[in-house]
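This report is intended to be read alongside the sequence and the coordinates.

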Amino acid sequence: MPAASSRTTAVSAVVTAALAAGLLTGASSAAAADGQVRIHDIQGATRISPLAGTQVTDVPGVVTGVRGYGSKGFWFQDPNPDADRATSEGVFVYTGSSPTVAVGDAVTVSGTVAEYVPGGAASGNQSLTQLTKPTVAVVSSGNVLPAPVTVSERSVPSRYAPAGDPAAGGSVNGLPLSPGRYALDFYESLEGMNVRVGSSRVVGATDTHAELWVTVKPHENANRRGGTVYGSYTSQNTGRLQIQSLVPLTEQPFPKADVGDVLAGRTEGPLDFSQYGGYTLTARTLGTVLDRGLRQERTRAQRDGELAVATYNVENLDPGDPQEKFDALAAAVVNSLASPDILALEEIQDDNGATDDGTVSAERTVRRFTEAIAAAGGPAYDWRSIAPQDKKDGGEPGGNIRQVFLFNPERVSFTDRAGGDATTATEVVRERGRAALTHSPGRIDPAAAAWTDSRKPLVGEFAFRGRPVFVVANHFASKGGDESILSHHQPPTRSSEVQRLAQATSVNTFVKKLLSADKRADVLVVGDINDFEFSGTTGALTAGGALYPAVKSLPRSERYSYVFQGNTQVLDQILTSPSIRGFDYDSVHINAEFADQNSDHDPQVLRFRP
């Protein structure tokens with residue numbers, strides 16, 4: 001639960017903005033004609049309450065949900081709605097301590113109307129209208145609850161959100177809600193109200209915070225494994241809805257579900273807005289999960305003459321992790337990835353993980369992983385990497401994450417060229433009519449501003465059947481700081497793109513140097529690009545025809561390596577130079593769709609004949 005001071009700051013910021021926009025003019029006169037303030041008067045017909053910052057007295061309603069953990073409080077709803085679809089009849093009452101009311105109590109509440117922004121005003125999130133500093137009187141108990149509003153394929157509009165008001169900095173806060181036209185307006189018009197969904201497909205697996213995602217639109221950008229594909233900035237997938245439970249986990253464990261499973265029966269409760277996921281059905285009554293049997297994929301083995309190159313984000317792997325994690329990741333390399341010839345790893349931490357004592361070597365981490373792979377029946381991988389400078393490459397503080405090349409020396413050799421280190425840039429030279437690196441392994445332009453507090457690209461020169469192959473392993477800057485697609489700014493601000501665009505341009509420039517030295521050079525740019533195949537980042541990587549995003553060779557519904565808030569999407573990629581034709585690409589789905597994960601990313605593999 002956020003501290004009271006942070007809640008006050010967020011509320012003040014929203015109210016100040018609303019005053020500046022003229023939304024609170026005449027707030028004290030917004031009550032009903034008889035002088036009795038009702039919940040729909042508090043909610044109003046925009047995202048900001050017309051009564052924000054004012055005191056209200058004896059607001060009536062029936063308690064529809066009680067939350068005794070996290071942000072503690074209760075929801076109550078007016079059983080006598082007005083005729084305006086845009087005004088919600090429910091609202092959250094923030095008590096700050098365990099509420100003393102029960103579901104079905106008829107109450108009157110006095111308190112201060114506030115706009116709370118989960119995550120703070122800087123997050124760009126929409127605000128949650130609520131009552132704070134409440135005085136609550138129970139009038140009666142055991143009352144029938146207001147009938148739930150059904151959220152369904154028919155009720156949720158297909159258009160996602162209105163364009164923000166340019167005069168308000170692109171914000172939708174001051175726009176009148178159009179719940180029949182836009183999905184975000186529809187959900188906002190139900191904020192705090194009792195809602196229900198029927199049997200719905202799971203599109204985001206149960207996570208460690210006891211929540212999952214369903215879709216009420218079974219045909220919306222669906223794929224064969226049950227997910228909902230995020231294929232463009234305008235394909236936000238309006239049917240997604242986060243599900244949490246109001247029942248304490250000690251009384252009723254939250255169900256474990258994978259993508260493609262079904263949350264069957266009735267799921268009912270108040271509609272909340274959370275920092276991580278936005279509109280959330282906080283269930284009093286939770287449906288039953290039906291297992292649809294989703295299984296981890298296995299890619300085929302490379303054929304004679306094929307070189308298999310893969311990339312895998314192993315999520316902060318370090319020697320402090322249990323052996324079970326090393327063994328599970330190793331089994332995936334052998335069984336799911338068919339022991340690729342070259343494997344670029346992201347998020348390998350140093351030898352003592354997050355302990356911040358200046359350690360930068362990852363010898364123990366990599367040795368333990370390669371030993372686990374061999375024990376699982378895989379090859380005796382050799383490896384190359386460059387240790388970063390301490391605390392210069394971002395990631396978990398003290399962990400010093402970096403990229404690492406594993407390669408099977410029985411199938412491929414590594415061309416070592418001395419001199420590469422954390423601060424020295426490798427360059428391209430022409431050697432015996434072919435492109436070559438000055439340092440291998442080496443780093444691309446590590447002193448450039450694009451790589452500040454971010455992982456520098458690791459480039460290596462390999463040889464397969466006598467032909468050189470260049471692999472660039474990447475882990476671009478994260479999306480941290482971006483506004484979510486639920487932002488009150490529409491379209492949302494994607495501030496992190498600036499650095500990734502610069503990083504993509506740096507890598508593209510380097511690839512062009514290789515191609516200038518040898519236009520037939522086989523170059524693969526691989527890793528956690530942290531951006532979509534349709535993004536400006538990918539566009540910058542491919543500029544001038546230097547690279548092709550191999551994931552685009554897959555059907556649109558199969559393009560994904562990650563699941564975020566119920567959207568299956570691309571973050572991990574392999575891009576190829578023009579000489580690499582006739583390749584076979586596979587996004588191997590073994591993690592992102594599952595409640596039990598060894599990483600939150602799915603590995604990618606590409607096979608081709610050099």
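Glu347 counts as buried, because its relative accessibility is 13% and the cut-off for burial is under 20%. The residue belongs to strand 16, which covers residues 342-348. The model discussed here is predicted.

**Backbone features**

Most residues other than glycine have a negative phi, and most peptide bonds are trans. Asn221 also has a positive phi, near 50°, although it is not a glycine. Asn221 is placed in the loop between strand 9 (212-215) and strand 10 (240-245). With a relative accessibility of 36%, Asn221 is classed as partly exposed, whereas Glu347 is classed as buried.

One joins Ser440 and Pro441, and another joins Gln490 and Pro491. Both prolines lie in loops: Pro441 between strand 21 (434-437) and strand 22 (442-443), and Pro491 between strand 24 (467-475) and helix 6 (497-517). The backbone angles are collected below.

| Residue or bond | Angle | Value |
|---|---|---|
| Asn221 | phi | near 50° |
| Ser440 and Pro441 | omega | about 5° |
| Gln490 and Pro491 | omega | about 0° |

Strand 3 pairs with strand 2 (residues 73-77) in an antiparallel arrangement, through 5 bridges. It also pairs with strand 5 (residues 128-140), in this case in parallel and through 2 bridges. Phe92 takes part in both pairings: it is the bridge partner of Trp75, and it stands opposite Gln130 in strand 5.

**Thr537**

Thr537 is found in helix 7, which covers residues 536-542. Its relative accessible area is 0%, so Thr537 is buried. Which residues does Thr537 contact, once its neighbours within four places in sequence are left aside? They are Phe476, Arg500, Leu501, Ala504, Ile529 and Asp531.

**The chain as a whole**

The protein chain contains 7 helices and 31 strands. Along the principal axes, the C-alpha atoms fill a box of roughly 90 × 45 × 45 Å.

Of the 610 residues, 59% are buried. Among contacts between residues at least 6 apart in sequence, 71% link residues at least 24 apart. The accessible surface is about 22,800 Å², and carbon and sulfur atoms account for 50% of it. The side chains include 55 positive and 68 negative groups, and the centres of these two sets are 7 Å apart.

Technical notes. Residues are numbered from 1 along each chain as its sequence is written. This is a predicted model: local features need pLDDT of at least 70, side-chain atom pairs count only at pLDDT 80 or more; totals for chains, interfaces and linings use all residues. Side-chain values use heavy atoms; hydrogens and water are left out. Helices (H or I, at least four residues) and strands (E, at least two) are DSSP runs, numbered from the N terminus. Buried means under 20% relative accessible area, exposed over 50%, partly exposed in between (1.4 Å probe, protein chains only). Contact means heavy atoms within 4.5 Å. Accessible areas come from the Shrake-Rupley method with a 1.4 Å probe; for residues, only the protein chains shown count as cover. Lys and Arg count as positive and Asp and Glu as negative; His and the chain ends are not counted. The place of a charge is taken as NZ of Lys, CZ of Arg, CG of Asp or CD of Glu. Two strands pair if DSSP finds at least two bridges between them.
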